[in-house]
Structure formats: structure tokens, C-alpha cells
Amino acid sequence: MNIEIELRQLKGPLIRLLKEEARCARALYKSLAAERAALNSLDEKLITINSANKQKLIESLQLSSDERVSFMKANGISSSPVAIKDYVVSGNRESDTQLDTLFIQLSEIAQQCFDENRLIGQLINRRTQFISQTIASLSPTANMQSLTYAENGNLENSLEPQSTLFHLAKI
């Protein structure tokens with residue numbers, strides 16, 4: 001059976017499932033944005049609260065997504081991203097604008113979540129590197145004569161004389 005005909009027949013339940021999945025994805029995106037803001041402000045309480053909330057939202061989104069995929073599979077509709085993209089891009093007279101819009105919105109929200117999560121990962125990695133480097137610099141075995149910081153905050157190991165006040169103070 002043709003995907004356009006199948007989707008037309010199953011439009012109501014599929015729209016309901018897509019709307020719920022998009023709602024869960026939007027909530028997750030807002031949570032990710034809040035997590036990034038909390039990490040930027042170093043608000044430990046907010047970070048902890050948001051982490052628990054984010055986990056619940058991920059579980060809700062996964063459940064919603066699984067429900068839609070199961071519905072599509074049970075009704076003989078391919079839920080693969082390629083099949084959905086082909087359906088949305090086809091623009092056939094029989095394709096449904098509301099379903100097209102929901103599939104596109106869901107895809108866009110998923111990309112936003114991915115991008116936000118990547119920014120969070122970068123922020124955490126930078127902080128982790130900074131903390132690791134700071135701890136290493138405090139180690140009794142650290143060579144303090146060769147330890148300097150670059151403009152971006154990264155450690156530089158250089159045995160060349162530096163013209164900074166820090167190094168001049170050692171003279």
C-alpha cells in the first residue's frame with residue numbers, strides 16, 4: 001500500500017502521536033537550554049534539579065517516540081527517516097500538509113536538541129580540562145617555571161623565559 005494513502009487513513013492517531021512526541025522534544029530542548037544556563041552560572045542546585053528533570057524528559061520522549069514507531073510499524077508504514085523524508089519531500093497532492101508540518105517540526109526540534117546537547121558537552125569538557133589542569137598545576141611535582149596560561153585559559157608549557165609579571169617576580 002502507498003505511504004500517502006496509508007497516512008491519510010491513519011491521520012488522526014498519527015497526528016496525535018506526532019504532537020505528543022513534538023511536545024516531549026520541545027520540553028527536552030527547554031530543559032537542555034536551562035541546563036546550559038545553570039552550567040554557565042555554576043548554580044549547583046539548579047544543575048542537580050535540572051539533571052533529574054532532564055532524565056524524566058528523555059524517558060518521556062523515548063516512550064513517545066517508541067509509541068509512534070510501533071503504531072507506524074503495526075500499520076505497515078515505514079518509520080525510517082529516509083521513508084519519512086521521501087514522504088515529506090514528495091509534495092504529492094495526496095500528502096497531508098499537517099503531517100508534513102509535524103514531521104518537519106519534529107526533525108527541527110531534534111536538531112535543536114542535538115545542537116544544545118553538543119554545546120553542553122563542549123562547556124563541560126572545557127570546565128573539566130580547566131579543573132584537571134589546575135589540579136595538575138598544584139601537584140608537588142609540577143614544574144612551576146614552565147607553567148603559564150594562554151589568553152584562552154589553556155595551560156601552556158614553555159621553558160622559554162616569559163615577559164609577564166609572574167615570571168619577572170621570580171627574578
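## Glu-116 and its partner

Glu-116 counts as buried at 4% relative accessibility, where buried means under 20% relative accessible area, exposed over 50% and partly exposed in between, with a 1.4 Å probe and protein chains only. The side chains of Glu-116 and Arg-36 meet in a salt bridge at 2.4 Å, N to O, a salt bridge being a side-chain nitrogen of Lys or Arg within 4 Å of a carboxyl oxygen of Asp or Glu. Because Glu-116 lies in helix H5 and Arg-36 in helix H2, the pair ties together parts that are 80 residues apart in sequence. Arg-36 itself is partly exposed, with a relative accessible area of 29%.

## Basis of the model

The model is predicted, and local features need pLDDT of at least 70, side-chain atom pairs count only at pLDDT 80 or more, while totals for chains, interfaces and linings use all residues. Residues are numbered from 1 along each chain as its sequence is written, and side-chain values use heavy atoms, with hydrogens and water left out.

## Overall architecture

The protein holds six helices and two strands, in the order α-α-α-α-α-β-β-α from the N terminus; helices (H or I, at least four residues) and strands (E, at least two) are DSSP runs, numbered from the N terminus. Of the 171 residues, 30% are buried. Among contacts (heavy atoms within 4.5 Å) with a separation of 6 or more, 62% are between residues 24 or more positions apart.

Helix H5 covers residues 97–137, and its 41 residues reach 60 Å from the first C-alpha to the last, close to the 60 Å expected at 1.5 Å a residue, the expected span being 1.5 Å times one less than the number of residues. The buried residues of H5 include Leu-99, Leu-102, Phe-103, Leu-106 and Cys-113.

## The nonpolar core

The largest nonpolar core has 25 residues, and those with the most contacts inside it are Leu-14, Leu-18, Leu-28, Met-72 and Phe-103; such a core is a set of buried Ala, Val, Leu, Ile, Met, Phe, Trp, Tyr and Cys residues joined through side-chain atoms within 4.5 Å. Helix H2 (11–41), helix H3 (44–74) and H5 are the elements that give two or more residues to this core, and the largest share, 10 residues, comes from H2. Not counting residues up to four places away in sequence, Leu-18 touches Arg-68, Leu-99, Leu-102, Phe-103 and Leu-106.

## Where H2 meets H3

Lys-54 forms a salt bridge with Glu-35, the closest N and O atoms being 3.0 Å apart. Since Lys-54 lies in helix H3 and Glu-35 in helix H2, this pair ties together parts that are 19 residues apart in sequence. Lys-54 is buried at a relative accessible area of 17%, and Glu-35 is buried at 7%. Asn-50, which also lies in helix H3, counts as buried at 8% relative accessibility and touches Ser-31, Ala-34 and Glu-35, not counting residues up to four places away in sequence.

In the loop between H2 and H3 lies Leu-42, which has a positive phi of about 60° although it is not a glycine. Leu-42 is exposed, with a relative accessible area of 55%.

The whole structure has five salt bridges. One of them joins the side chains of Arg-23 and Glu-20 at 2.6 Å, N to O, and both residues lie in helix H2, three residues apart, about one turn of the helix.

A search of the whole structure finds zero disulfides, defined as pairs of cysteine sulfur atoms within 2.5 Å. Cys-24 is buried at 3% relative accessibility, and Cys-113 is buried at 10%.
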